[in-house]
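Here is a short briefing to read alongside the structure.

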Amino acid sequence: MKFAIVVFPGSNCDSDAFYAIRDNAQQEVIYLWHKDTTLPKDIDCVILPGGFSYGDYLRSGAIARFSPIMQEVITFAHNGGTVVGICNGFQVLTEAKLLPGTLMRNNTLNFVCKDVYLKTSNHSTRFTNKIPKDAILRIPIAHGEGNYYADEDTIKSLVDNNQIVFQYCDKNGIIGKESNPNGSLLNIAGIINKDGNVLGMMPHPERLSDEILGGNDGLLIFKSIIDYFK
Amino acid sequence: MINYLANIKIMLKKGILDVQGKTVENALNSMEFDNIHNVRIGKYVELIVSAKNKEEARHIVDQASSKLIANPIIEDYEITLNELKVE
């Protein structure tokens, strides 16, 4: 299968994602520039990487959402295409309304950069099918605005439709206030859209996909996507 | 076309915890300003819009605010418009 990674001015995890896909997941991958106006027909999965697109001016992801390539990505997603937004990419996806809710300033006001533990709350998605049922993933976060917020009705519909995919937990899998790094409602770390083809997550799977970096739990997410396309 | 100066005040919706405001409030309270409370921090945007009349100008700025300048999920905005007089 073939991945595409969108590069916005200010993206800084594009190379990490490229490396994780090419070297760790061993798949074909290309870069797309934010000014590109077409998405090649043979792309199976688009990744919006982490970083500070357009300097995070106004709000994280707000400007990137209107870049030329995003119009193609939005059409691709509406037609069922697989899209993953990581960190800033998640913020772009909420701004583009491909995912509900929004990511507010961390409740601690701090930029948090550390490994966190994640519980997979829905294993039957194209992004999580290879994650063992009882596995607690260890994946790093690095953000100042990852505090997931949505109104009550939206949260209820996320729960009812099983759209919450990852939740911050401790190493034993307990979801609680102590393991919430940013104030996210329900400890939400990642969600999918109703149709299940768009994933947004604050943690960085591409940063922990290679054993030489001290772990490769992140690779399970890319392997799940690859398995889905087999 | 007439030019209007638009002032847009953007604030977090009531009920949403404003952590920046709270932190500044705590800092003020720890100084000599212990009689200050309910600090809230927002954004202020100023722009010039060209339109046929004030109504059209308001419509344009409102659209721009709801589409990009503010995030209606968590923010409210208020627009004030003033015609710019040609010297």
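In this predicted model, Thr120(A) stands opposite Phe166(A) in S9(A). Four bridges join S6(A) to strand S9 (residues 164–169) of chain A, and the two run antiparallel. Strands here (E, at least two residues) and helices (H or I, at least four) are DSSP runs, numbered from the N terminus.

A word on conventions: residues are numbered from 1 along each chain as its sequence is written, while chains are lettered from A and ligands numbered from 1 in the order in which they are written. Because the model is predicted, local features need pLDDT of at least 70 and side-chain atom pairs count only at pLDDT 80 or more, whereas totals for chains, interfaces and linings use all residues; side-chain values use heavy atoms, with hydrogens and water left out.

**The sheet of chain A**

- Nine strands make up an open sheet with mixed pairing, in the order S2-S1-S3-S4-S11-S10-S9-S6-S7; two strands count as paired if DSSP finds at least two bridges between them.
- At the edges are strand S2 (28–33) and strand S7 (136–143) of chain A, each of which pairs on one side only.
- From one strand to the next, the twist averages 25°.
- Strand S6 (residues 112–120) of chain A is joined to S7(A) by eight bridges, and these strands run antiparallel; Val116(A) has Ile139(A) as its bridge partner in S7(A).
- Strand S10 (residues 188–192) of chain A runs antiparallel to S11(A), with three bridges joining them; Ile192(A) has Leu199(A) as its bridge partner in S11(A).

**The helix across the sheet**

- Helix H1 (residues 14–24) of chain A lies across strand S1 (2–7), S2 and strand S3 (45–48) of chain A, and runs at about 160° to S2(A).
- For that angle, axes are lines fitted to C-alpha atoms (for helices over the stretch in contact), and angles run from 0 to 180 degrees between N-to-C directions; contact means heavy atoms within 4.5 Å.

**Salt bridges**

- Over all chains the count comes to 15 salt bridges, each being a side-chain nitrogen of Lys or Arg within 4 Å of a carboxyl oxygen of Asp or Glu.
- Lys2(A) and Asp42(A) form one, at 2.9 Å from N to O. Lys2(A) is in strand S1 of chain A and Asp42(A) in the loop between S2 and S3 of chain A, 40 residues apart.
- Lys2(A) counts as buried at 13% relative accessibility, and Asp42(A) as partly exposed at 42% (buried is under 20% relative accessible area, exposed over 50%, partly exposed in between, with a 1.4 Å probe and protein chains only).
- In chain B, Lys13(B) pairs with Asp76(B), with the closest N and O atoms 3.1 Å apart.
- Lys43(B) and Glu75(B) meet at 3.9 Å, N to O. Glu75(B) is buried at 9%, whereas Lys43(B) is partly exposed at 29%.
- Arg59(A), Glu95(A), Lys43(B) and Glu75(B) are linked in a salt-bridge network.

**A nonpolar surface patch**

- Tyr19(A), Ile212(A) and Leu213(A) make a nonpolar surface patch of about 330 Å².
- Patches are made of residues with over 30% relative accessible area and no salt bridge, joining like charges within 9 Å and nonpolar side chains (Val, Leu, Ile, Met, Phe, Trp, Tyr) within 5 Å; accessible areas come from the Shrake-Rupley method with a 1.4 Å probe, and for residues only the protein chains shown count as cover.
- Ile212(A) sits in the loop between strand S11 (198–201) and helix H5 (219–228) of chain A, and is exposed at 73% relative accessible area.
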